[in-house]
Amino acid sequence: MKITEHIANAKGNTLFSLEVLPPQKGKTIDDLLRVIEPLMEFKPPFIDVTYHREEIIYKKRADGFVEEVPLRRRPGTVGICAALRAKFNIDAVPHLVCGGFTPEETEDALFTLYYLGITNVMLLQGDADKNAKSAHAKLSAYKYASDLVAQVADMNRGKFLHEETENEMKTNFCIGVAAYPEKHFESPNLATDLKWLKHKVDCGADYIVTQMFFDNKKYFAFEEKCREMGISIPIIPGIKPIASKAQLSSLAKIFHIDIPEELADAVEKCKDDKAVKQLGIEWAIQQSKELKAANVPCLHYYTMSRSEATIEIAKAVF
Ligand code: FAD
């Protein structure tokens, strides 16, 4: 079922959903399934599975020369989605990125998803390749997520690449896109970022999932601005409980978000990371309760493929 249908069927009740990462190359899927299993109690209608682009790494050879080799650290997004559907009878949402693909490869991947019966896709620019200047780095045909959205919207109309006429066969993907209540880090300001978000929606996005945030005021202000500029599709807040002292700087650095002073001070006063985890759970529960009271369509938890904290939060909120 489409995410938008899940939201409509919930009739104003807030849904619970989660995001997981594919296992690292060489690890089994069993650990991931064990993480997800206890969360099924809270009846998530869908689970997102992230996508990790190929990177170029440098490897020292026996002859002393350094070789550039491609590496995908977390392969298997589509296979994991198929496995989650089979095991839990749940909608699994694969993330697709611009990074490293041609439109033809993207079309091919979308046909695979369509034949598997996957009806939702999350379309993203994707994280940058840290070695993008390498001669072996795969070029991306698309620069922005809106290009991917336009391609999928075309496929939903039966318009496929390099064909003049529209086909009778049409895909039926529900399209999710990302947004940033504290703005995307490359955007000069929030207004410009919102202009491009509106463009993504106009290209065919059906729902939005936000970057994590720790201050609900930022989400509410962002949602209000979206509505003012005519973005009417569901906006799903993304929540992540802080789990260690080190995350005070790493989350800010990686995700370009603010940690509110009150939370940062409280984390610093914690005697160890066990205490930080508990604080993070309590903060996320308060955030979640307030967002649920404001009738957000769904609360989407970034589990980082760990379940303990999300179970505690879900028990308190759902
Ligand atoms: P876009 O919507 O393309 O926007 C990127 C930047 O370009 C923004 O600053 C925007 O304002 C600007 N912009 C957009 N369109 C235009 C235009 N036409 N002209 C000029 N400027 C424009 N990364 C992964 O690699 N794998 C994942 O699975 C993944 N999942 C994610 C899930 C969520 C919910 C979120 C919030 C992020 C996720 N990311 C993932 C990270 C994401 O790929 C990065 O944040 C990336 O830098 C931006 O992606 P986007 O799709 O929001 O980009």
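Tutor: Of the 22 residues around the ligand, those that come nearest are Tyr51, Tyr180, His184, Asp193 and Lys200; a residue counts as near a molecule or strand if one of its heavy atoms lies within 4 Å of it. The model is predicted, with local features needing pLDDT of at least 70 and side-chain atom pairs counting only at pLDDT 80 or more, while totals for chains, interfaces and linings use all residues. Residues are numbered from 1 along each chain as its sequence is written, and side-chain values use heavy atoms, with hydrogens and water left out.

By class, the shell around the ligand holds 12 nonpolar, 7 polar and 3 charged residues. Here Ala, Val, Leu, Ile, Met, Phe, Trp, Tyr, Cys and Pro count as nonpolar, Asp, Glu, Lys and Arg as charged, and the others, Gly among them, as polar.

Next come the polar contacts, which are pairs of N or O atoms within 3.5 Å; within protein, one must be able to donate a hydrogen and the other to accept it, and residues adjacent in sequence count only if both atoms are side-chain atoms. A polar backbone atom of Gly126 is 2.9 Å from an oxygen atom of the ligand. For Asp127, a polar backbone atom is 2.8 Å from a ligand oxygen atom. At Tyr144 the side chain takes part: one of its N or O atoms is 3.5 Å from a nitrogen atom of the ligand. The ligand taken alone exposes 980 Å², and the protein buries 87% of that (accessible areas by the Shrake-Rupley method with a 1.4 Å probe; for residues, only the protein chains shown count as cover).

Two or more residues of the shell come from each of E5, strand E6 (120-124), helix H6 (190-203) and strand E8 (207-212). H6 gives the largest share, 3 residues. Helices (H or I, at least four residues) and strands (E, at least two) are DSSP runs, numbered from the N terminus.

Tyr51 also lines the largest cavity, together with Arg53, Glu54, Arg72, Gly99, Gly100, Phe101 and Lys138. On a 1 Å grid over the protein atoms alone, a cavity is a set of points where a 1.4 Å probe fits but cannot get out, and a pocket is an open set with protein on both sides within 12 Å along at least five of seven lines; lining residues have an atom within 4 Å of a point. The cavity lining has 2 nonpolar, 2 polar and 4 charged residues.
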